[in-house]
Amino acid sequence: MNRIDYSSFDLTVRDASDEQSVPVARGKTTVGVISLFAGIGGFDLAFECAGANILLQCEVDKFCQSVLKRHWPNSKLEADIKKIDTSTMPDADVWTAGFPCQDVSLARGNHGRNGLKGAHTSLFFKLMELAEVKKPKVILLENVVGLLNSHKGCDFAIILNELTSRGYAVAWRVLNARYFGAPQSRSRVFLCAWLGDYASAVRTLFESVPGEKPGKERVGFMTPTKDPRTGAIVPEVAYCVAATSGRHTGNDWSRSYISYADRVRRPTPTESERLQGLPTDWTLPDASFPEPARGLDSERYRAAGNAVAVPVVRWIADRIMDLLKAKKQELGGSFATYVRSAAPDLNKETRRVVFLEVLKGVEAGGYSYRWKSGGCAWGHDVIEGAASVAPSKIIPSRFVDVLDPVIPPERYFLTPNAAAGIVRRADNVGRTLFPPMRKALDKMAAVAQKQSN
């Protein structure tokens, strides 16, 4: 399959059948990007669309490697971050890394989270070793929100210390994809570190006006919209795309489903891609890749679920690219004064924190620290606050607009028994389901009951 030039895409979510939309290219620049823990290239696509050049990618998963090779056949590809030789790394202004989240994910529960001591998330320290040698101007990181409270706040304090001790100023903010043009509720913490430049760090993730305050978020999960092409009914907003095989388990009522009058199905791989802001068929591997043991669909679901929401990264990438081209600001006054004036999102409930004290307190025992949803660290100081998860102007999107234009094959639909299982478990815990989905599930459950008699 030939490489498609996605550099012209503006990554605005559109109706899947709208083939008349031709986005305008921004044009290439001399800004180079190194993508570590690249996955299927969500960061890379966003930065390429913003005008950057992808110089090097590092990804250990072979399926994801094949996807990367299909889209970036001319970029250097490394398989293991632990084996990268800094002498062979190209110089790049920007490094991106969605470093592994398995050890800090809330889905693992308090007893299953190993934090930065875990085999996966600890690879962050290798990233820091490489950065200490190469000193990129900007490092953009993404992880699950659980990072903010992992190990009683100690892990996040360590990350801030690792970056600031190397001369970086670090801004962080929790952002939800549903407000940036991707119709799924996906909250992630983004950290943007600038070498010796706290003004640019702040201006990357925060605007000069506060982020819009979202309304009642649950309404989006309960308000139905209907696709006139197929009769499919979905809520306005999908639940977070998960890195699962896509199979039905019988107790996954909080996953996103597509409902019809008397049937319910899971999203297809292409719909999962679009929910992440990826172009259709992005997760297909290179034609030479062998048939995966778990099946192609399973690998595509997993890859899409592990990706970043591209519209969010595009919002950040545009800001980074503009700041790299701008003249560095001459700052007067203190760090704290600048942050509070440049990031009004941090004006409420702000605290000044010496984060080394957090480390000492946690290590001594009996102490924990809950990091706020946004902030900036410089030296040993932190200014943080309750930041909005949305930009100053919400970018609208709808689940219905990413649906496939035709009804997919039967394998994507729930069986009556699976429907009955979801209904039973939802009732046991008092879960209120999306009304059209509940109506269709009840009809299917009745079929299952007849079949069992």
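Predicted model: local features only at pLDDT ≥ 70, side-chain atom pairs only at ≥ 80, totals over all residues.
Which residue's side chain does glutamate 299 meet in a salt bridge?

Okay, the partner is arginine 294: its side chain and that of glutamate 299 come together in a salt bridge, at 3.1 Å from N to O. The two ends sit in unlike surroundings, if you go by accessibility. Glutamate 299 is buried, at 9% relative accessible area, whereas arginine 294 comes out as partly exposed, at 48%. We'll come back to this pair.

Let me zoom out. The chain runs to 453 residues, and buried ones make up 56% of them. You can count 13 helices and 14 strands. And here's a number I like: take the contacts between residues at least 6 apart in sequence, and 74% of them join residues at least 24 apart.

Back to salt bridges, then.

One is in helix α3, which covers residues 124-134. There, glutamate 129 pairs with lysine 126, and their closest N and O atoms are 3.8 Å apart. Now, the cut-off for a salt bridge here is 4 Å, so this pair gets in. The two residues are 3 apart in the helix, so about one helical turn separates them. Glutamate 129 is partly exposed because its relative accessibility is 45%, which lies between the 20% and 50% limits. Lysine 126, at 18%, counts as buried because the limit is under 20%.

Another one is in helix α13, residues 435-452. Aspartate 442 bridges to arginine 438 there, with 3.0 Å between the closest N and O atoms. These two are 4 residues apart, again about one turn of the helix. Both ends are partly exposed: aspartate 442 has a relative accessible area of 34%, and arginine 438 has 23%. Salt bridges with shared partners link Asp61, Arg294, Glu299 and Arg302 into one network.

Next, helix packing. In general, you describe two packed helices by the angle between their axes and how far apart those axes are. Our example is α1, residues 42-49, against α9, residues 310-325: the angle is about 45 degrees, and the axes are 8 Å apart. That makes α1 oblique to α9. The crossing is right-handed. So who's touching whom? On the α1 side we have Gly42, Phe43, Leu45, Ala46, Phe47 and Cys49, and they meet Val310, Val313, Arg314, Ala317 and Ile320 of α9. Sort the residues of that contact by type and you get 9 nonpolar, 1 polar and 1 charged.

Setting aside neighbours within four places in sequence, glutamate 142 contacts Phe43, along with Ala97, Gly98, Phe99, Arg188, Val189, Phe190 and Val308. This glutamate is buried, with a relative accessible area of 9%.

If you follow the chain on from β5, a loop leads from that strand to helix α4, and leucine 148 is in that loop. Is leucine 148 buried or exposed? Buried, with 7% relative accessible area. Again leaving out neighbours within four places, its contacts include Gly153, Phe156, Trp172, Tyr369 and Trp371. Val189 is one of its contacts too; leucine 148 and valine 189 are 41 residues apart in sequence, yet their C-alpha atoms are 8.2 Å apart in space.

That brings us to α4 itself. Of its 11 residues, 9 are buried, so the helix is largely enclosed by the rest of the structure. The buried ones include Cys154, Asp155, Phe156 and Glu162.

Leucine 163 is in that helix as well, and it's buried, at 0% relative accessibility. Beyond neighbours within four places, leucine 163 touches Met128, Ile139, Leu141, Tyr168, Val170 and Ala193. As for leucine 195, it is 32 residues away from leucine 163 in sequence and 9.1 Å away in space, C-alpha to C-alpha.

That's my tour. Thanks, everyone.

Technical notes
Residues numbered from 1 in each chain as written. Heavy atoms only, no water. Axes fitted to C-alpha atoms, helices over the stretch in contact; angles between N-to-C directions. Parallel < 35°, antiparallel > 145°, perpendicular 65-115°, else oblique. Left-handed = near helix turned anticlockwise from the far one by under 90°. Contact = heavy atoms within 4.5 Å. Nonpolar A, V, L, I, M, F, W, Y, C, P; charged D, E, K, R; others polar. Buried < 20%, exposed > 50% of the residue type's maximum accessible area, 1.4 Å probe, protein only.
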